[in-house]
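I set down here, in order, what I looked up. Each entry covers one topic.

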Amino acid sequence: MAVYLITGASSGIGLEMTRLAVARGHKVYALARRIDLLREEAARLGELMQPVECDVTDRARVHEVCASLPELPDVALLNAGLGAFGDKDTFNRDSYERVFAVNYFGALNFIGEFYEPFVKRGRGVFVGVSSLAGERALPGWPAYCASKAALTTTLEGMAISYRRTGIRYVTVRPSFIDTPMTAGQQQGMFLIWDAKRAARYILDGIEAGKIDIAFPLLTRLLVWFARTLPIRIYRAVMR
Ligand SMILES: NC(=O)c1ccc[n+]([C@@H]2O[C@H](COP(=O)([O-])OP(=O)(O)OC[C@H]3O[C@@H](n4cnc5c(N)ncnc54)[C@H](OP(=O)(O)O)[C@@H]3O)[C@@H](O)[C@H]2O)c1
């Protein structure tokens, strides 16, 4: 049995990962702002799921939550995220700040809390739920893509910079998943997985010791190809 802390556990991929982790016998500290949803789920799943109200952008609250956990998690699964699609024609600085506060600094807040304790213990796993959308910008999603690029790069940078710590840094890069985040936004999306399938793929990857969990394969290949395109061509194609 492992101890997981999962952020964004009230909905979508985080909820399905919480359900699956509990079904596999793991203990889960399940975090989100909508505590009622978490409590309802905990009533169904039993004591292995511990609901905790936490806004990941509130650094003081994150500190309070982490400091009051009765045990140090084995895996900090930093999944909470905010979609920001349809950002076209007008630049809005605030939307970047909002999205980065959740998708980037929301994850870093937990890394800041657990880094030293993980080092001291000599082991720990940080899993950042990033996105294949962080590999190249998509039209209408500049803030979201930038936040995911930052998260992916940070995990990679930490892994190659702080090597003697016994910490494993895992980057999760899904493509399109059917969740409340993408509801009503799925025009133009393809190879969409359901959240249960995505959750199983992610947990299997974590348990198998992977450091990069990117799916589905075809989208991953497409993104890899897109990355090889010169900027000029990519911009012309995506406009
Ligand atoms: N769906 C996709 O196609 C897709 C693709 C690639 C990557 N992802 C990533 O996968 C992760 C999960 O997304 P999802 O699709 O499952 O979305 P979702 O169903 O909208 O779930 C988002 C979760 O994040 C939580 N959250 C948002 N803001 C928060 C905050 N300030 N503090 C604490 N929790 C917060 C929400 O909980 P509360 O509102 O209760 O706080 C909710 O549980 C995200 O990081 C997303 O970027 C999604």
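**Basis.** I worked from a predicted model, in which local features need pLDDT of at least 70, side-chain atom pairs count only at pLDDT 80 or more, and totals for chains, interfaces and linings use all residues. I number residues from 1 along each chain as its sequence is written. For helices (H or I, at least four residues) and strands (E, at least two) I took DSSP runs, numbered from the N terminus.

**Ligand shell.** I looked up which residues come nearest to the ligand: among the 29 around it they are G8, G12, R33, R34 and G81. A residue is near when its C-beta atom, placed from the backbone, lies within 6 Å. By class I noted 13 nonpolar, 13 polar and three charged residues. Here Ala, Val, Leu, Ile, Met, Phe, Trp, Tyr, Cys and Pro count as nonpolar, Asp, Glu, Lys and Arg as charged, and the others, Gly among them, as polar. Helices α1 (12–23) and α4 (93–103) each supply at least two residues of the shell; the largest share, three residues, comes from α1.

**Helix pair.** I then followed α1 to helix α7 (residues 195–207), against which α1 packs at about 60°, with the axes 8 Å apart. That makes the pair oblique, the class left after under 35 degrees (roughly parallel), over 145 (roughly antiparallel) and 65 to 115 (roughly perpendicular). I took axes as lines fitted to C-alpha atoms, for helices over the stretch in contact, with angles from 0 to 180 degrees between N-to-C directions.

**Helix α8.** I find that α8 (residues 217–228) has 12 residues and reaches 17 Å from first C-alpha to last, close to the 16 Å expected at 1.5 Å a residue; the expected span is 1.5 Å times one less than the number of residues. One of its 12 residues is buried, so α8 lies largely in the open. I call a residue buried if 20 or more other C-beta atoms lie within 10 Å of its own, exposed if 12 or fewer, and partly exposed in between, with C-beta atoms placed from the backbone.

**Single residues.** In the loop between β9 (212–215) and α8 I located P216, joined to F215 by a cis peptide bond with omega about -5°. D89, in the loop between β4 (75–78) and α4, has a positive phi of about 70° although it is not a glycine; with 5 C-beta neighbours inside 10 Å, D89 is exposed. Y4 sits in strand β1 (residues 3–7) and is buried, with 27 other C-beta atoms within 10 Å. I noted that Y4 and D74, 70 residues apart in sequence, are 6.0 Å apart in space, C-alpha to C-alpha.
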